[in-house]
Amino acid sequence: MKISPSILSADFANLQQGIELVEKNGVDYIHVDVMDGHFVPNITFGPNVLQAIRPVTKLPLDTHLMIENPEDYIDAFAEAGADIIGVHAEATPHIHRAIQMIKNKNVQAEVVINPGTSINSIYHILSMIDQILVMTVNPGFGGQSFIEESLDKIRQLADLRDEKGYHYDIEVDGGIVPETATRCKEAGADVFVAGSYIFGAEQPEKRIQLLKEAISE
Ligand code: DX5
Ligand code: ZN
């Protein structure tokens with residue numbers, strides 16, 4: 001089980017401090033939410049911000065691209081230091097090519113699906129990917145409520161992995177708090193993104209501890 005704090009809810013004027021705090025408290029990845037104001041109605045960071053935070057942490061940068069034309073930016077994010085790159089299936093008609101491009105850069109390849117997208121649309125790339133991100137809110141903002149229907153998709157993906165011997169991790173993102181994390185874990189999730197739950201707290205270290213307990217039971 002892995003925890004991937006989303007710096008979307010961190011203090012942007014003190015990113016280094018936020019990253020060091022969560023790293024010290026034993027998280028597994030740093031989740032970086034890249035938004036372009038087109039694919040989602042919000043704007044965050046580009047490759048230059050990844051490059052700036054790269055030397056600050058040893059943790060893998062778990063990069064979630066919420067952008068149109070993702071193929072145009074895969075090389076830039078890989079070169080900036082991303083360890084995992086996730087592309088939304090809805091953002092490109094050529095998701096197979098996008099996954100190949102990520103793998104060609106020797107970066108772990110992830111496909112991301114929105115709450116309204118069924119797993120049928122990505123069925124044929126499941127053997128290629130290292131991680132699948134099941135969005136448990138509609139992407140764009142932190143602090144939204146968990147969408148229950150996502151649990152079914154997590155179960156289907158966990159069953160398919162067993163049945164076919166695929167190797168992907170299942171990541172969940174949006175509305176993750178201990179209670180929803182436990183339910184996602186029971187459904188088959190392995191990687192838990194949490195933004196506002198961790199960075200919105202007075203004592204993020206306590207929240208990390210509570211999340212760890214929720215997914216280790
Ligand atoms: C939403 C982002 C998430 C966001 C999650 O579009 O992909 O990573 O930071 O925020 P919380 O954990 O607050 O729901
Ligand atoms: Zn995200």
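Tutor: A crossing of two helices is right-handed if the near helix is turned clockwise from the far one by less than a right angle, and left-handed if anticlockwise. Keep that in mind for this predicted model.

Student: Which hand does the crossing of α6 and α8 have?
Tutor: Helix α6 covers residues 178–187, and helix α8 covers residues 204–216. Their crossing is right-handed.

Student: Are α6 and α8 roughly parallel or roughly antiparallel?
Tutor: Two packed helices are described by the angle between their axes and the distance between the axes. Here the axes lie 8 Å apart, at an angle of about 30 degrees. Angles under 35 degrees count as roughly parallel. The two helices, α6 and α8, are therefore roughly parallel.

Student: Which residues of α8 meet α6?
Tutor: From α6 come Pro-178, Ala-181, Thr-182 and Lys-185. By class, this contact has 6 nonpolar, 1 polar and 1 charged residues. On the α8 side stand Leu-210, Leu-211, Ala-214 and Ile-215.

Student: Which elements give two or more residues to the shell around ligand 1?
Tutor: The ligand is surrounded by 21 residues, and among the closest are Ser-6, Pro-139 and Gly-142. By class, the shell has 7 nonpolar, 12 polar and 2 charged residues. The elements asked for are β2 (30–35), β8 (191–194) and α7 (196–199).

Student: Where does UniProt place the feature "binding site"?
Tutor: The record is an unreviewed entry, and it names four positions: His-31, Asp-33, His-64 and Asp-173. They span 143 residues in sequence, yet no two of their C-alpha atoms are more than 10.5 Å apart, so they gather at one spot. One of them, His-31, lies in strand β2. The positions in the record are His-31, Asp-33, His-64 and Asp-173.

Note on methods:
Residues are numbered from 1 along each chain as its sequence is written. Chains are lettered from A and ligands numbered from 1 in the order in which they are written. This is a predicted model: local features need pLDDT of at least 70, side-chain atom pairs count only at pLDDT 80 or more; totals for chains, interfaces and linings use all residues. Axes are lines fitted to C-alpha atoms, for helices over the stretch in contact, and angles run from 0 to 180 degrees between N-to-C directions. Helices (H or I, at least four residues) and strands (E, at least two) are DSSP runs, numbered from the N terminus. Angles under 35 degrees count as roughly parallel, over 145 as roughly antiparallel, 65 to 115 as roughly perpendicular and the rest as oblique. Two residues are in contact if their C-beta atoms, placed from the backbone, lie within 7 Å. Ala, Val, Leu, Ile, Met, Phe, Trp, Tyr, Cys and Pro count as nonpolar, Asp, Glu, Lys and Arg as charged, and the others, Gly among them, as polar. A residue is near a molecule or strand if its C-beta atom, placed from the backbone, lies within 6 Å of it. UniProt positions are given in the numbering used here, feature names are shortened, and annotations may be inferred rather than shown by experiment.
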